[in-house]
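Student: I would like a close look at one part of this model, the contact between two of its chains. Please take me through it in one connected answer.

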Amino acid sequence: MKLSEIKTLQGLIVVGEDREITNVNTIANADENSLIFFNGKGELKTKAKAIIISNRECIFDNDLTTIISPDPKLTMAKVILECFYNNVVSFLNTIRSEIYLSKIFDNVKIGVEGVIVGVNCTIGTQGFGYVWDKDHWLRFPHIGSVVLEKNVEIGNNTCIDRGSIGNTIIRKGVKIDNLVHIAHNADIGEHSLIVAGAVIGGSVKIGKKCFIGMNASIKNGIIIGDNVTVGAGAVVLKDIPSGETWAGVPAKKL
Amino acid sequence: MKLSEIKTLQGLIVVGEDREITNVNTIANADENSLIFFNGKGELKTKAKAIIISNRECIFDNDLTTIISPDPKLTMAKVILECFYNNVVSFLNTIRSEIYLSKIFDNVKIGVEGVIVGVNCTIGTQGFGYVWDKDHWLRFPHIGSVVLEKNVEIGNNTCIDRGSIGNTIIRKGVKIDNLVHIAHNADIGEHSLIVAGAVIGGSVKIGKKCFIGMNASIKNGIIIGDNVTVGAGAVVLKDIPSGETWAGVPAKKL
Amino acid sequence: MKLSEIKTLQGLIVVGEDREITNVNTIANADENSLIFFNGKGELKTKAKAIIISNRECIFDNDLTTIISPDPKLTMAKVILECFYNNVVSFLNTIRSEIYLSKIFDNVKIGVEGVIVGVNCTIGTQGFGYVWDKDHWLRFPHIGSVVLEKNVEIGNNTCIDRGSIGNTIIRKGVKIDNLVHIAHNADIGEHSLIVAGAVIGGSVKIGKKCFIGMNASIKNGIIIGDNVTVGAGAVVLKDIPSGETWAGVPAKKL
């Protein structure tokens with residue numbers, strides 16, 4: 001569809017060409033027909049040609065159509081609900097995987113070999129992402145998947161939310177204990193271990209062979225390197241470089 | 001029934017009139033036919049005319065029948081088990097609510113509009129309240145309800161216990177993440193957000209539009225104002241006034 | 001079988017007699033036909049006559065057959081997988097117990113009287129014990145049981161893992177709240193209370209009538225005496241003597 005055909009965008013200031021849009025995407029994964037939004041954080045390197053952006057962050061670029069919104073995330077949520085919400089591919093692959101009495105939604109992509117999911121898990125549900133809309137919280141629609149690569153093992157009563165735009169990824173050989181929460185768009189590196197009660201926030205990136213201790217909390221958006229140890233009950237509010245051990249509330253390097 | 005007909009009370013000192021009792025209740029919600037108990041905390045403003053109270057706290061009032069017990073909470077538990085335990089109204093209203101694979105007991109009252117409950121939740125079970133009785137823990141009987149008002153959304157693998165005497169209340173527009181525990185008689189104010197892994201203790205009162213971070217713990221009986229932010233992993237042991245941000249173990253004002 | 005018949009042990013240095021082995025066991029519970037392993041911690045008092053041990057810890061005793069391994073735990077894991085993994089007795093005793101909608105595996109032994117298990121619990125699954133094997137995590141096989149003694153009450157969405165070698169034991173009158181994790185080989189003493197969100201690590205030993213607060217974390221192998229109180233959100237990294245109250249991250253005596 002054309003940008004001008006999206007009702008949610010009507011009434012907003014649009015600077016630039018009326019482009020053809022085929023998908024919504026993350027800044028990094030966008031193609032030339034993606035619509036993206038910018039929340040003021042991170043680098044704006046993208047192939048997208050259409051962006052929802054706030055007044056303050058506003059950039060003008062002849063090659064980029066700019067839609068100015070007082071709340072870009074809220075506008076994006078409404079665009080997805082209007083145009084892209086039913087556009088989710090379903091594929092559940094249980095070949096060579098052992099799955100017990102858990103509810104796994106069909107947006108979850110399971111690696112073909114050696115995946116084990118225990119009992120009472122919930123995998124592939126909407127994440128906990130809300131945007132304030134005048135007088136109530138609007139849930140940001142989650143249209144991404146959960147990817148479980150090969151040899152991932154998940155304990156019991158653990159929850160993994162699907163990505164909002166983009167996927168939640170549990171990489172090869174990761175082992176997750178009981179009662180763990182992995183939020184939308186988290187990316188857990190190969191062979192990392194996550195112990196019971198840990199909560200991994202949205203878009204957290206954890207490197208390879210890390211150890212996340214019991215009841216640890218990792219704040220949304222944190223980036224953790226390889227071979228990092230996070231102590232029991234630690235609250236991680238800052239990025240952690242590779243090879244370090246952090247503990248405490250807030251967590252500090254030991 | 002008359003107070004004198006309740007076997008549990010026989011053998012205790014009773015000062016005052018032998019009154020007609022039709023219900024057990026909280027101090028605040030009692031009517032003239034309620035039996036209440038006082039555990040030494042909070043204000044004793046009540047319409048009740050019959051009270052179980054300890055020797056130390058003992059007050060004499062011509063208008064109030066006073067039953068003196070070495071352990072008022074234990075005595076009340078036994079009165080409920082003897083006289084009021086099957087006296088629970090059942091009503092489960094799922095009109096216009098989406099409920100997935102969760103166990104919701106029929107003491108739960110669900111607002112008619114927009115309530116969503118995810119997968120593997122447990123709502124409406126007995127709370128974790130025990131009273132020591134000579135050589136074992138006696139579970140305080142929970143005869144209250146859970147009330148989910150309209151537009152409440154609850155994630156997955158989350159537990160909400162029914163009230164003991166009185167209800168557990170989740171008010172309009174509250175959003176609760178995965179793996180959260182809400183104990184008996186908690187009262188969560190409109191549009192508050194509670195993130196994964198948080199534990200809300202018994203009788204905690206949280207105001208409007210608060211944010212309770214991941215893995216935070218709120219001790220039994222704490223009162224939190226409106227627009228309060230509680231950080232990830234915080235342990236809240238004191239009341240928090242409106243508008244403040246608290247974090248740490250124990251939590252302090254930032 | 002004879003030690004020499006176990007393929008996993010072929011290629012390792014074996015000092016002493018080629019003994020008949022009928023079981024694998026813990027150091028303390030072993031009999032004369034047990035194979036045990038030593039991980040360098042604790043006292044080596046045992047009736048076993050065959051031990052897997054590392055080069056560094058190596059002891060020579062004419063009466064004890066010593067198998068030297070660079071990683072005794074990994075070697076033991078492989079011996080169990082080769083010889084003892086299907087050797088698990090099944091017995092589920094639900095007489096006079098109330099069990100709701102929980103998955104209880106048939107390695108769980110339930111005391112005959114007054115056991116209550118709530119909704120969405122997972123009891124008797126493999127523990128979270130992994131040994132690094134060249135390029136991946138190998139799950140240490142868990143062949144022990146979970147023992148629930150009489151009058152144990154367990155809330156909802158709680159997980160209790162079976163023992164690896166030896167059992168996980170929940171003793172008489174223990175009460176466990178919602179969303180609690182009890183790891184493999186933990187031993188919870190009579191009449192102790194464990195509040196929501198607490199994580200009890202592997203082989204933790206908790207004494208009688210203790211109180212473990214909400215979201216507390218007890219590190220693997222910790223020993224806690226009788227009548228101990230552990231505060232909400234506490235992270236216990238040291239043993240706690242009887243009668244003390246500990247809180248904080250890391251937990252200290254109050």
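Tutor: Between chain A and chain C there are 15 residue pairs in polar contact, counting pairs with both residues at pLDDT 80 or more. On the chain A side, β17 (175-176) and β20 (193-194) each supply at least two of the residues that touch chain C. Sorted by class, that side of chain A has 11 nonpolar, 10 polar and 4 charged residues. The model is a predicted one.

As for charge pairing, the rule finds 1 salt bridge across the interface of chain A and chain C. R139(C) and E153(A) meet through their side chains in a salt bridge, at 3.3 Å from N to O.

In extent, the contact draws 25 residues from chain A and 31 residues from chain C. The two chains, A and C, bury about 2,100 Å² between them, and 65% of that area is on carbon and sulfur atoms. Of the area that chain A buries against chain C, 24% comes from L179(A), M214(A) and N215(A), more than from any other three residues.

A separate point concerns R162(A), which sits in the loop between β15 (159-161) and β16 (168-170) of chain A. R162(A) counts as buried because its relative accessible area is 10%, and the cut-off for buried is under 20%. Its side chain has a polar atom 2.8 Å from the backbone oxygen of G144(A). The backbone oxygen of H142(A) lies 3.3 Å from a polar atom of the R162(A) side chain. R162(A) and N185(A) are 23 residues apart along the chain, with their C-alpha atoms separated by 6.9 Å.

Key: Residues are numbered from 1 along each chain as its sequence is written. Chains are lettered from A and ligands numbered from 1 in the order in which they are written. This is a predicted model: local features need pLDDT of at least 70, side-chain atom pairs count only at pLDDT 80 or more; totals for chains, interfaces and linings use all residues. Side-chain values use heavy atoms; hydrogens and water are left out. Contact means heavy atoms within 4.5 Å. Buried area is the accessible area (1.4 Å probe) that two parts lose on being put together, summed over both. A salt bridge is a side-chain nitrogen of Lys or Arg within 4 Å of a carboxyl oxygen of Asp or Glu. A polar contact is a pair of N or O atoms within 3.5 Å; within protein, one must be able to donate a hydrogen and the other to accept it, and residues adjacent in sequence count only if both atoms are side-chain atoms. Helices (H or I, at least four residues) and strands (E, at least two) are DSSP runs, numbered from the N terminus. Ala, Val, Leu, Ile, Met, Phe, Trp, Tyr, Cys and Pro count as nonpolar, Asp, Glu, Lys and Arg as charged, and the others, Gly among them, as polar. Buried means under 20% relative accessible area, exposed over 50%, partly exposed in between (1.4 Å probe, protein chains only).
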